[in-house]
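Please open the model in your viewer and keep a selection tool at hand. The stops below are given in the order in which they can be selected.

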Amino acid sequence: MKKRIPLLIGLILVTVLLAGCTEFNEPITSESEGFWNSYIVYPLSWLIIKIAEILGGSYGLSIIVVTILIRLLILPLMIKQTKSSKAMQAIQPEMQKLREKYSSKDQKTQQKLQQETMEMFQKHGVNPMAGCLPLFVQMPILIGFYHAISRTREIANHNFLWFDLGSPDPIYLLPVVAGITTFIQQKMMMAGQDMSANPTMATQMTMMLWLMPIMIVIFAINFPAALSLYWVVGNLFMIVQTYFIKGPDLKKTKEAQPAGGAKK
């Protein structure tokens, strides 16, 4: 886990760079310059506008359709990431035995630990970096879509259901649903993972389980409702996707709960 921290930090830095923070409030048009604008944000903005025209000018429906299309596009990456996570989880008991065997912190022992860990990865055909690679591919797409929604001025001038797409949800229903669906999606992703061997990671994941939905609600309350709609639809898609990908794990977790609750 410690070795992944620099990778995750790098991912965050790349994400911030790709997000083009200095241009967030600038409208996106065909005249917008730069690789980020020309090849990621503008094509997504153009797609939203074209689908809205097909759907009779409904930008709300267009956002829903494009969100689902993008989620379907990156679905293979998500499946690969989930499979990698499950493979890593399966060898956690063996990894714990290696840590106990080479518990000494001297350099020679740690080198031996790293060597045998890599041999174990090769033996089981596990690539510890495979779970992170899909993130590098999908994050620019998702952030680009986020920018396309925020910077497409046509969206701000339309309404959908009970809210204006360019203004925050007046009754806060979308932010609340976004927070709830974020919690459900994360809870489902954690299903079937045995964290008993790593209490620190278990604590961190539990903290993120509650922290992320709260952050989403706070952001959604202040952001345009179009972005909240995007979060809700994306989360619902992820919930359905996770249900089918991790079905056996979810079933095991559900079956284990009554048995655990019956014991005193």
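Begin by selecting Tyr 172, which is partly exposed at a relative accessible area of 46% (buried means under 20%, exposed over 50%, and partly exposed in between, with a 1.4 Å probe and protein chains only). Tyr 172 has a positive phi of about 60° although it is not a glycine, and its place is the loop between S2 and helix H9 (173-190). Helices here are DSSP runs of H or I with at least four residues, strands are runs of E with at least two, and both are numbered from the N terminus.

Before moving on, note that this is a predicted model, in which local features need pLDDT of at least 70 and side-chain atom pairs count only at pLDDT 80 or more, while totals for chains, interfaces and linings use all residues. Residues are numbered from 1 along each chain as its sequence is written, and side-chain values use heavy atoms, with hydrogens and water left out.

Next, select Leu 161, in the loop between strand S1 (159-160) and strand S2 (163-164). Leu 161 is not a glycine either, yet has a positive phi of about 55°; this residue is exposed, with a relative accessible area of 64%.

Now turn to helix H5 (residues 92-101) and helix H6 (residues 107-124), which pack at an angle of about 165° with their axes 10 Å apart. The axes are lines fitted to C-alpha atoms over the stretch in contact, and angles run from 0 to 180 degrees between N-to-C directions. H5 and H6 are therefore roughly antiparallel to each other, a term for angles over 145 degrees. To see the contact (heavy atoms within 4.5 Å), select Glu 94, Met 95, Leu 98, Arg 99 and Lys 101 of H5 together with Leu 113, Glu 116, Thr 117, Met 120, Phe 121 and His 124 of H6. Colouring these residues by class gives 5 nonpolar, 2 polar and 4 charged, where Ala, Val, Leu, Ile, Met, Phe, Trp, Tyr, Cys and Pro count as nonpolar, Asp, Glu, Lys and Arg as charged, and the others, Gly among them, as polar.

For the last stop, select Glu 53 and Lys 50, which form a salt bridge whose closest N and O atoms are 3.8 Å apart (a side-chain nitrogen of Lys or Arg within 4 Å of a carboxyl oxygen of Asp or Glu). Both lie in helix H2 (residues 35-54), where, being 3 residues apart, they are separated by about one helical turn. Glu 53 is exposed at 51% relative accessible area, whereas Lys 50, at 34%, counts as partly exposed.

Definitions and conventions: Parallel < 35°, antiparallel > 145°, perpendicular 65-115°, else oblique.
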